[in-house]
Amino acid sequence: MGLTLSGPIGGLGDKMRVISVATLRNFWEDRLYRDAEQPLKSWLDEVGRVDWDGPAGIKALYGSASILKNRRVVFNIKGNDYRLVVAVAYKTRTIFIKFIVTHKQYDAIDVNTVEPE
């Protein structure tokens with residue numbers, strides 16, 4: 001199955017929900033990261049129209065996404081200027097925003113274990 005852009009084809013037929021959009025909004029409202037607003041809104045729009053029942057669906061839409069352990073996925077945002085780290089609960093069709101950081105900040109953390117403050 002993997003990916004459905006709309007309709008009840010694949011998985012449960014539900015679309016993905018993002019928890020919490022406010023985390024992304026707070027990031028792009030920071031004057032240092034305003035250039036991330038449109039790319040993040042595009043990402044939100046895209047994931048709000050899909051039905052992922054596993055990592056293959058993510059890779060079908062986002063070939064450059066990195067699938068990690070602990071259900072974590074890293075998305076490259078704005079040409080890899082930013083890294084968006086999420087946890088995906090496939091059964092409940094929920095994407096939990098863990099954090100978004102610059103590429104430089106990302107290189108300084110252990111993405112598999114770090115949690116938001």
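This report describes the strand arrangement and the salt bridges of one predicted protein model.

Because the model is predicted, local features need pLDDT of at least 70 and side-chain atom pairs count only at pLDDT 80 or more, while totals for chains, interfaces and linings use all residues. Residues are numbered from 1 along each chain as its sequence is written, and side-chain values use heavy atoms, with hydrogens and water left out.

**The sheet**

Helices (H or I, at least four residues) and strands (E, at least two) are DSSP runs, numbered from the N terminus. Two strands are said to pair if DSSP finds at least two bridges between them. In general, strands of a sheet pair through backbone hydrogen bonds, either parallel or antiparallel.

Here, 5 strands form an open sheet of mixed pairing, in the order β1-β5-β4-β3-β2. Its edge strands are β1 and β2 (66-67), each of which pairs on one side only. Helix α1 packs on this sheet and touches β1, β4 and β5; contact here means heavy atoms within 4.5 Å. The direction of α1 makes about 20 degrees with that of β5, where axes are lines fitted to C-alpha atoms, for helices over the stretch in contact, and angles run from 0 to 180 degrees between N-to-C directions.

Strand β5 (residues 94-102) is mostly covered, with 8 of its 9 residues buried. Buried means under 20% relative accessible area, exposed means over 50%, and partly exposed lies in between (1.4 Å probe, protein chains only). Strand β1 (residues 17-19) pairs with β5 in the parallel sense over 3 bridges, and I19 stands opposite F96 in β5. Strands β4 and β5 run antiparallel and are joined by 8 bridges; in this pairing, A87 stands opposite F96. The two strands β4 and β5 form a hairpin with 4 residues between them, and R93 in the turn has a positive phi of about 55 degrees.

**Salt bridges**

A salt bridge is a side-chain nitrogen of Lys or Arg within 4 Å of a carboxyl oxygen of Asp or Glu. By this rule the model has 5 salt bridges, including those in the table.

| Salt bridge | N to O distance | Relative accessible area |
|---|---|---|
| D35 and K78 | 3.2 Å | D35 36%, K78 32% |
| K41 and E37 | 2.7 Å | K41 35%, E37 26% |
| R49 and D45 | 3.5 Å | R49 36%, D45 43% |

Salt bridges that share partners join D35, K78 and D81 into one network. D35 lies in the loop between α1 (21-29) and α2 (37-47), and K78 in the loop between β3 (72-77) and β4 (82-89), so the pair ties together parts that are 43 residues apart in sequence. D35 counts as partly exposed, and K78 is also partly exposed.

The bridge between K41 and E37 has both residues in helix α2, 4 residues apart, about one turn of the helix. K41 is partly exposed, as is E37. In the bridge between R49 and D45, R49 is partly exposed and D45 is likewise partly exposed.
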